[in-house]
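Please have the sequence and the coordinates open while reading.

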Amino acid sequence: MLKISTTPKSLTEAPKKYCRLVLTDKPTSVHRFVEAADGVTEYRMGAGKPTSMTVRTFRTLVRSFVQAAKSHQVEFLAIDIESVRFKTLESEGGAWLTSTLVENLLLADYEFTTYKTKKDKSNKLTEVLLCGKLSAEETTGLKRGLIVGEYTNKARDIANTPACDMTPTDLAEAAKSLAKGTKMTVTVLGEKELKKLKMGALLAVGQGTKSETKLIIAEYWGAGKPTAKSAKSLAPIVLVGKGITYDTGGLNVKPSGSMHDMHLDMSGGSSVLATIAAAAKMGLKKNIVALVPSAENAISAEAMRAGDIVTAMNGKTIEVLHTDAEGRMVLADALTYSERYSPRAIIDVATLTGAALAALGQQASAIMSKDDAMVATLQKLGEKSGDLVWPLPLWDEYKQYIKSSRADISNIATNFSRFGGTIEGGTFLSYFAPKNVPWTHIDIAPRMESISGDKLAKGSTGEPVRLLISYVEQA
Ligand code: BES
Ligand code: MN
Ligand code: ZN
């Protein structure tokens, strides 16, 4: 991992091995190396007009520091903290500034190299040195940013691991290693226990493979475990993450061009696990539960069939009209299970529909809730953290499309219409979310994989870990 260190000394006092970053107000495309008077290399980089700097352009700018350093074989980089204290960002606070700086240095530095037999060391950035005195707030933000960046990258590592090495059992093991050395605990339920709980929807999705279906339960009681008396004030936030370790589509098999990156279909799961682990690492005084229903949506003679009817844990019967609409089925039983925690709020995170990409492109995740305040909060925190979310309606009018003639509801529209597919997914989940608990569904399919403008390595983005951490911090 990239080392980030600090010194109260000024940039020009930094040891000579550090290349000094100097920001200019030229366009961001203008950058060059110059030899400073004392013989040390300076990298002059355009940051645009300081008066035009926004939270969005700042994150991209920070990532381009790393990209530039790597592409020019700069191993040691020194940054003057004063040079990134933009006036336009002052209202965000010092903690935000340094946290955002450090997070984005770490995110931009990340590469998935687990399966490279020859590690390419030629463009390795070893260390970034932040020069100048930090305020107390900035010091706090720096510590936070180190954890947020590290754990977002851990979520990416888990998600990027191919399905042959990341079965539901492996995902459960990954959860346990995240918990090591922290107060986060992990309990894993296997098929026998899931049968006892009558989780018919989750089990149906995983019945076509030898990889055992699991429900991964992570708990962190940073505010103290609720008792009968304190049940209300200490009620946890429950985060539910889709943990499909591979999505072939099932018997309604996916076309080949749409299948190869479906090892990332557990990105919701890895992000909620990384979030609770980060909260535990930070020692947040918050109560959080993460639930990851995990299965492989495989094809075999034992796989669930289109036309099957299964009974979910809450007693509702589901007509499986399409085996590729499996995410909502595994989430259904996890949402029902969340009820036993009497949660304060529930957020589920899932790579649920390709339709979310049709609606929003790859710039933002779709967010759906009947709780307007929760949507507003998450949108604001998304803007601040960088995990952008944009709302779609969750109106009762959409329920009619999934009313089944053979069962209570069907897992896709009974007329096979593809219209409003993302809303349809959220509507299906609304039958399982506990009543009277604020609940929000986030369809992260648009942000499952990075795009070139992100300035991130190919593969998982680790979204929305930054957003979820920000949410639990303020909740
Ligand atoms: N995991 C997919 C959704 C997905 C697609 C995520 C592309 C990221 C990129 C999900 O399980 C799925 O297959 N959804 C179907 C739903 C349909 C059958 C109603 C889809 O989007 O086509
Ligand atoms: Mn699917
Ligand atoms: Zn899926």
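How many residue pairs are in polar contact between domain 1 and domain 2? In this predicted model, the count between domain 1 and domain 2 is 11 residue pairs in polar contact, with both residues of a pair at pLDDT 80 or more.

## Domains and their separation

The domain assignment divides the protein chain into domain 1, residues 3-132, and domain 2, residues 149-474. Between the C-alpha centres of domain 1 and domain 2 there is a distance of 35 Å.

## The interface between the domains

Contact between the two domains involves 19 residues of domain 1 and 21 residues of domain 2. The area buried between domain 1 and domain 2 is about 1800 Å², and carbon and sulfur atoms give 51% of that area. On the domain 1 side, Arg-63, Leu-107 and Tyr-110 supply 34% of the area that domain 1 buries against domain 2, which is more than any other three residues supply.

Charged groups also take part, with a count of 2 salt bridges between domain 1 and domain 2. The side chains of Arg-56 and Glu-383 meet in a salt bridge, with an N to O distance of 2.6 Å. As for the elements on the side of domain 1 that touches domain 2, helix 1 (55-71) and helix 2 (94-109) each supply at least two residues, and helix 1 gives the largest share, 7 residues. By residue class, the side of domain 1 that touches domain 2 divides into 8 nonpolar, 5 polar and 6 charged residues.

## Ser-385

Ser-385 has its place in helix 10, which spans residues 372-385. Because its relative accessible area is 5%, Ser-385 is buried. The side chain of Ser-385 reaches the backbone nitrogen of Asp-387 at 3.4 Å. When residues up to four places away in sequence are not counted, Ser-385 touches Arg-59, Glu-103, Arg-466, Leu-467 and Ser-470.

## Ser-430

Ser-430 is found in the loop that lies between helix 11 (421-429) and strand 18 (439-443). Why does Ser-430 count as buried? Its relative accessibility is 18%, and the cut-off for buried is under 20% relative accessible area, so Ser-430 falls in the buried class. Leaving aside neighbours within four places in sequence, the residues in contact with Ser-430 are Lys-399, Lys-435 and Trp-439.

Definitions and conventions
Residues numbered from 1 in each chain as written. Chains lettered and ligands numbered in written order. Predicted model: local features only at pLDDT ≥ 70, side-chain atom pairs only at ≥ 80, totals over all residues. Heavy atoms only, no water. Domains from an automatic or database assignment. Contact = heavy atoms within 4.5 Å. Buried area = accessible area lost by both parts, 1.4 Å probe. Salt bridge = Lys/Arg side-chain N within 4 Å of Asp/Glu carboxyl O. Polar contact = N/O pair within 3.5 Å; in protein donor to acceptor, adjacent residues only side chain to side chain. Helix = DSSP H or I, 4+ residues; strand = E, 2+ residues; numbered from the N terminus. Nonpolar A, V, L, I, M, F, W, Y, C, P; charged D, E, K, R; others polar. Buried < 20%, exposed > 50% of the residue type's maximum accessible area, 1.4 Å probe, protein only.
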